[in-house]
Amino acid sequence: MDAMSDKELLELFREESSHHYAFNLIVRKYQQQVYMHIRRMLIDHDDTNDVVQDTFIKVWSNLINFKEESQLFTWIYRIATNETLSFLKKKRINFFIPIRDVENQLLSKVMDSSQVKGDMVQKKLQSALLTLPEKQRLVFNMKYFDNMKYEDMSAILGTSVGALKASFHLAVKKIEKYITLG
Amino acid sequence: MSAEKNIPPNDEERNEFSPIFPASIKENSFVVPDGYFDELPRIIQDRCVNLNKKKAFTFQLKHIITNPQYIISLCLVLIAVVFIAIYPKQKQVEKTVVAQNNAIESKLNEMIDNNEIDESLLVETITADTDTVKVKTNKLLTPDNKKQEINLNLENPEITPDDILKYLQENEEEIEPDETL
C-alpha cells in the first residue's frame, strides 16, 4: 500500500474496475494523518470520527474532478481543515455557544483521561493550544506536530508563507507564556 | 510525509522551536479506540456506496422534473388518471338509476299481470308508507264506481316506497287532480 504513489493511486482510481479499490487504498494511506489533524482541533473522538468520515466522503465525491494542480495529500488536508472549521462554526451557531464556551468544552475534554491519555506536560500544551485562535492553532499543529513545510501549509490554508511564519512564531510565544505562567 | 520528533527540516526553522517543549510532547496523547483504523475504511466505503445510490436517484428525479417533455407528459398522464378515476363512477351512478328504474317497471308489470292494478288506469297520486305504496286512481275499478285505493306491497327489499314514488312521478303521462275517495 505504502509503495503506491499518489499518481499511481489516482490512475487506479480513474479506471472503473478499480475505482473502489483505489479509494480504499487512499483512505488507508491517509486516514491516520487526517484523523490526528482533526483530532488535535476537536479533541473529542466522536466528533473527530464524524468529521473524518465527512472529509473522505467529500474526497470520494470530488476525486474524479481532481486536476492534480496540488498534491493529493495537500488537497485532502485542505478538505479536512475546512470540514473541521465548519464543524466548530456549526457548533457555535447551532447551540448559540460563545466561542469562549466552545474552548471551555474542549478544555474539559483535554482533562478527560478517556480522551487524552498524555502526561501533564502534554495536557498543558493542549490546554495552551486551546487559547489560540482556531487558524493559529491549525498553523501550530501543522508545523509542530506534522512538520509540514510552509509552502504546503500555504496551499492548504490559502495564506502566504510570511503570514504563516509570523502566525507560528506568535503561537509559540503565547504557548510559552501560558506554560511558564502555569 | 514523516513526523520528525523535534527536528526541524532546516536551521532557519529550528530556531522557531521553543526549547521548553520536550521531545515526548509530540507523541500522540489522544485515546483512539482499538481497531478504529481497521474499521474506518470499510465504514467510509459503505457510506460512499449509499451516497452513489442516493445520487443516482436524485439525478434521475432532477432530470425528469426539469425536462419540459417529461413535464408535459406527466400533466397529460395526470389528466388521464383523473378522468379515468371519475368517469367510471359517473357511469356507475347512471347504471344504478337505470337498473333501479328497470326493477320498478318489472315490479309494476308483474302487478299488472297479476291483476293487482289495471294498466289502463292513470296513476294520479302516490303516497308512500312504510313498506307499501298506496296508489290512487282516478278511474273506477269497481262496478259501483268507487274509487279504489291500491296498495303495492313491495316484495323486493331493494326497492323502497320512495323509489316507486319517484319512478311513477318521473314516468307519469297525465296527472289529473286528486279526488278524495
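Is the crossing of helix 1 of chain A and helix 2 of chain A left-handed or right-handed? The crossing is left-handed. The legends below describe a predicted model.

**View 1. Helix 1 and helix 2 of chain A cross each other.** The axes of helix 1 (residues 6-14) and helix 2 of chain A come within 7 Å, with a crossing angle of roughly 150°. Angles over 145 degrees count as roughly antiparallel, so helix 1 of chain A is roughly antiparallel to helix 2 of chain A. From helix 1 of chain A, the contact uses A:L9, A:L12 and A:F13. From helix 2 of chain A, the residues taking part are A:H19, A:Y21, A:A22, A:F23, A:L25 and A:I26. Sorted by class, this contact has eight nonpolar residues, one polar residue and no charged residues.

**View 2. Helix 2 of chain A has a bend at A:Y30.** The bend there is about 50°. Beyond the end of the helix comes A:I43, which has a positive phi, near 65°. Most residues other than glycine have a negative phi.

**View 3. Chain A and chain B touch each other through residues of both chains.** The contact takes 30 residues from chain A and 24 residues from chain B. On the side of chain A that touches chain B, at least two residues each come from helix 2 (19-42), helix 3 (45-62), helix 6 (120-130) and helix 9 (161-181). Helix 2 of chain A gives the largest share of that side, eight residues. By class, the side of chain A that touches chain B has 13 nonpolar, twelve polar and five charged residues.

**View 4. A:E68 sits in a loop of chain A.** This loop runs between helix 3 and helix 4 (72-94) of chain A. The phi of A:E68 is positive, about 60°, although the residue is not a glycine. Is A:E68 buried or exposed? A:E68 has 10 other C-beta atoms within 10 Å. A residue with 12 or fewer counts as exposed, and therefore A:E68 is exposed.

**View 5. A:N147 sits in the loop between helix 7 (134-145) and helix 8 (150-157) of chain A.** A:N147 is a residue other than glycine, and its phi is positive, near 50°. There are 18 C-beta neighbours inside 10 Å of A:N147. A residue is buried at 20 or more and exposed at 12 or fewer, so A:N147 counts as partly exposed.

**View 6. Chain A is built with nine helices and zero strands.** Along the sequence, the elements of chain A follow the pattern α-α-α-α-α-α-α-α-α. Chain A has 182 residues, and 32% of them count as buried. Of the contacts in chain A between residues at least 6 apart in sequence, 58% join residues at least 24 apart.

**View 7. Chain B has four helices and three strands.** Read along the sequence, the pattern of chain B is α-α-α-β-β-β-α. Of its 181 residues, 7% count as buried in chain B. Among contacts in chain B with a separation of 6 or more, 46% are between residues 24 or more positions apart.

Methods:
Residues numbered from 1 in each chain as written. Chains lettered and ligands numbered in written order. Predicted model: local features only at pLDDT ≥ 70, side-chain atom pairs only at ≥ 80, totals over all residues. Contact = placed C-beta atoms within 7 Å. Nonpolar A, V, L, I, M, F, W, Y, C, P; charged D, E, K, R; others polar. Axes fitted to C-alpha atoms, helices over the stretch in contact; angles between N-to-C directions. Parallel < 35°, antiparallel > 145°, perpendicular 65-115°, else oblique. Left-handed = near helix turned anticlockwise from the far one by under 90°. Bend = angle between axes of the 7 residues up to and from the residue.
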